[in-house]
Amino acid sequence: GTGSSQAVSQSGNSTFQPDWVWIKGRSGATEHVLTDAVRGVTKELNANDNTVEETVAQGLTTFGSAGFTVGTDGSYNTSSATYVGWQWLANGAGSSNTDGDITSTVSANTTAGFSIVKYSGNGSDNQEIGHGLGLAPKMIFTKRLNASGNWTTYHDAVGINQVFYLNLTSAPTSNTEQYRAVPTSSVYTVGVGGDINNSSGTYVAYCFAEIPGYSSIGSYEGNSSTDGTFVYTGFKPAFILTKNMDTADQWGIRDATRNPFNVTDKLLNPNASTAETSAASGYIDILSNGFKARSSDSNINSSTLIYMAFAEHPFGGDGVAPATAR
């Protein structure tokens, strides 16, 4: 951070104008701040709490052709503080989608299996909402914008009529008011819960389908050993999100940019505002074709865990990510 408005450019092999940016202060306790092109610049949501959408004039102020510009707000750009910004490409501000029962505004990147969905609730049960992906999403995060509400979460390995939350540590519990049917290639189905479909609510959802060679969304069984479970993704991951499904525990994000070499120990928790940690627990190795736990910690290698991972170098010449060493 500089404390003055600054443009942040992407590094790596390609650049693009992002449509969803997730920023977190590494060196201090700050909110996880999320901005997308459908809701617009300066519109902030916090992954770690249940607060309403805010307008932060000195937050993320521009989606640039190769990154983004931030103002002087402390969650984005304090002088001498360090930050990480994860970016996804969708399809700009989006367009109307009339699939299902509730008309939505959808910005979708079918190649990457990612879409941003904004809609108004109607308070009725079993309502279908179009997501624009052409493939069934395997993970969905939904947040109410105009009132407090938890980040209600769907994951394919957990299934329907269950609920857990991005901003909380709790394990899934039975709930028939959130995600009500297995998503299809065009729609997902919601119930009447206030966190997902209140008649006076406005919402945003981030939907992810699995794309071989680019993303892997699934689950694995930990073995509570420092010689931990290996998770095959088919590519070298750049970003890995995990959550223990059997007990109350932190979410975790690990990536190859903050940790360019193994072991990968720099951890941020989406459900907490705490600074980055690099303690002995929670280690993993990022490998050419997946990742392997190197800790017995329940955050990464005990009971059943879900994950979502994205490739560092997606799509080789045969449509599969190249197996680059690490």
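Visitor: Which strands form the open sheet of three strands, and in what order do they stand?

Guide: A word on the source comes before the answer: this is a predicted model. The open sheet of three strands has the order β12-β18-β17, and its pairing is antiparallel. At the edges stand β12, residues 127-130, and β17, residues 179-181; each has a single partner strand, so one side of each is left without a neighbour in the sheet. From one strand to the next, the twist averages 50°.

Take the pairing of β12 with β18, which covers residues 187-190. These two strands pair in the antiparallel sense over four bridges. As background, strands of a sheet pair through backbone hydrogen bonds, either parallel or antiparallel.

Another open sheet can be read in the same way. Four strands form it in the order β20-β26-β22-β23, again with antiparallel pairing. Here the edges are β20 (215-221) and β23 (252-255); each has a single partner strand, so one side of each is left without a neighbour in the sheet. Neighbouring strands of this sheet are turned by 20° against each other on average, direction ignored. Within the sheet, β22 and β23 run antiparallel and are joined by four bridges. Leu 241 stands opposite Ile 253 in β23.

Two strands of this sheet, β22 (237-244) and β26 (304-311), are also among the elements that give two or more residues to the lining of the largest pocket. That pocket holds about 1,300 Å³ of space. It is lined by 41 residues, and those nearest its centre are Gln 10, Ser 11, Phe 16, Gln 87 and Thr 257. The element that gives the most to the lining is β8, with six residues. By class, the lining has 21 nonpolar, 16 polar and four charged residues.

In one of them, the rings of Trp 20 and Phe 208 have their centres 6.0 Å apart and their planes at 50°, so the pair is tilted. Trp 20 lies in β2 (residues 20-25) and Phe 208 in β19 (residues 202-208), so this pair ties together parts that are 188 residues apart in sequence. Both Trp 20 and Phe 208 are buried.

How values were computed:
Residues are numbered from 1 along each chain as its sequence is written. This is a predicted model: local features need pLDDT of at least 70, side-chain atom pairs count only at pLDDT 80 or more; totals for chains, interfaces and linings use all residues. Side-chain values use heavy atoms; hydrogens and water are left out. On a 1 Å grid over the protein atoms alone, a cavity is a set of points where a 1.4 Å probe fits but cannot get out, and a pocket is an open set with protein on both sides within 12 Å along at least five of seven lines; lining residues have an atom within 4 Å of a point. Grid points are joined across faces, edges and corners, and a volume is the space filled by probe spheres set on the points. Ala, Val, Leu, Ile, Met, Phe, Trp, Tyr, Cys and Pro count as nonpolar, Asp, Glu, Lys and Arg as charged, and the others, Gly among them, as polar. Two strands pair if DSSP finds at least two bridges between them. Axes are lines fitted to C-alpha atoms, for helices over the stretch in contact, and angles run from 0 to 180 degrees between N-to-C directions. Rings of Phe, Tyr and Trp (its six-membered ring) pair if their centres lie within 6.5 Å; planes under 30 degrees apart count as stacked, over 60 as edge-to-face and the rest as tilted. Buried means under 20% relative accessible area, exposed over 50%, partly exposed in between (1.4 Å probe, protein chains only).
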